[in-house]
Amino acid sequence: MANEPSFARPASSLMRTLSLDIARVTEGAAVAAAKLRGRGDERQADAAAVAAMHRELADLAIDGRIVIGEGERDDVPLLYEGEELGVGGQPVDIAVDPLEGTTLCAKSLPGALAVVAMSERDCMLKVPDVYMEKIAIGPGYEPGLVSLERSIAENLARLASAKGGRVSELTACVLDRPRHARLIEEIRSAGAAVALIGDGDIAGVIQTCKPDETGIDIYLGTGGAAEGVLAAAALVCLGGQIEGRLSGLSDEQARHAESLGIENPRRIFRVEDMVSGDIIFAATGVTDGSLLPGARFFDGRIETHTVIMRSSTRTVRWIRAEHLDVRKFER
C-alpha cells in the first residue's frame, strides 16, 4: 500500500462522478432496513439491506469488485468477496456494510447505518472476517500521536497534552462488550471517561473527528476487521488517524489472511496501509444517531440523510434528500 496521503494525489474524474451516484446505494439499503426497524429480526433487516445495496451497485456505471463484503462466495449469495458488479466502466474496488448495527435496527436503537467505500483497484486492504484491535483519533495531531504499541494510560496522556488539557477531560468511545472489561477499567483508572456503544464502531470512530460536537476524543477497543477498513476510508477523507491489528486469529484464519496478502497477521496497520489512492465513503442513517438521522417515512415521501466524503478533495457533503417517488425503493 502507498504511504503517500491519499488527498495529495490528483483527483480522478471517476470519483467525482461517483461521489453523488454512491448516495443512491446507501440510501436504498438504509430505506430497506429502516422499514424493518424494531421488528426484532436482525437477519431479515440485514437481508433487506443487502438485496437493496446489491441492486443499486449493479446499476452503477462501474466495473466493480467487492473486496470487503458479506462473506465468501460459498457462504453468501450476494455481496460476497470477489463478486463483480456494475454495468461497465472504470474498474473500482468496493467495501460494504449494508447494515452496520443489525441489532440496533432490530431493536430500533440509535446509530444503525448503511455504509459503502469505493476506491481505485487494489487500494483497500483485504481482511478476513476476524476481529481487529483499533485506536483512532480525529484530525489535527502529529502522525503517530497514539498507537497500539503504547499503553492506554500513555496514549491518553499524550492525547490530553496535545489538546492542551487533562486526561480527566477526555472521553473514550468503546463497544459495550464483556471482552472490554479490562480496557474500560484501564481507561477509567487513567482518569478518562468512557462512552459505551452497543454496536456501530464505524460511527464510533468517525465521532472522534468532531469531539466538540460528539464529546468523543478517542476510539479504543476490538471490533470487526472489515469495519476497521471502512472506518479508515472515512478517516482518510477527514484527516484522522487509526491503527488496527488483527486479533485472535485461528491457524485457518491466519492462513486466510496470508492468502489475502497479509504476510504478518500481527503487524499494525495504519490508515495509509488500509486505504490509499482516491477514496469515497458514504453512509446513510437507518436509525437516528449522533452521526446521522435515520430514514423517515411520510405519506407519499421518504426522507434520508447521507454523508459522502472524498479523500482527494477533502470534501464532506451532508445530503438531506426527499424522495417523492417512493416506488423506486420497491423494485
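Select Lys 163 first: apart from residues up to four places away in sequence, Lys 163 touches Tyr 141, Leu 170, Pro 211 and Asp 217, where contact means heavy atoms within 4.5 Å. This is a predicted model, in which local features need pLDDT of at least 70 and side-chain atom pairs count only at pLDDT 80 or more, while totals for chains, interfaces and linings use all residues. Residues are numbered from 1 along each chain as its sequence is written, and side-chain values use heavy atoms, with hydrogens and water left out.

Remain at Lys 163, which lies in helix 4 (residues 152–163); helices (H or I, at least four residues) and strands (E, at least two) are DSSP runs, numbered from the N terminus. Lys 163 counts as partly exposed because its relative accessibility is 34%; buried means under 20% relative accessible area, exposed over 50%, and partly exposed in between (1.4 Å probe, protein chains only).

Next, select Asp 201, in helix 6 (residues 201–206). Asp 201 is buried, because its relative accessible area is 5%. Display the side chains of Asp 201 and Lys 134, which a polar contact of 2.5 Å joins; a polar contact is a pair of N or O atoms within 3.5 Å, where within protein one must be able to donate a hydrogen and the other to accept it, and residues adjacent in sequence count only if both atoms are side-chain atoms. Beyond four places in sequence, the residues in contact with Asp 201 include Glu 100, Leu 175 and Tyr 219.

Now colour the chain by domain: domain 1 comprises 17–121 + 279–329, and domain 2 comprises 131–274, with bounds from an automatic or database domain assignment. Taken over C-alpha atoms, the domain centres are 24 Å apart.

Select the boundary between the domains, where 23 residues of domain 1 are in contact with 19 residues of domain 2. Five residue pairs are in polar contact between domain 1 and domain 2 (both at pLDDT 80 or more). On the side of domain 1 that touches domain 2, the elements giving two or more residues include strand 3 (90–100), helix 3 (102–106) and strand 13 (301–310).

Finally, select Arg 310, which is found in strand 13. Arg 310 counts as buried because its relative accessibility is 5%. The side chains of Arg 310 and Ser 312 are joined by a polar contact of 3.3 Å.
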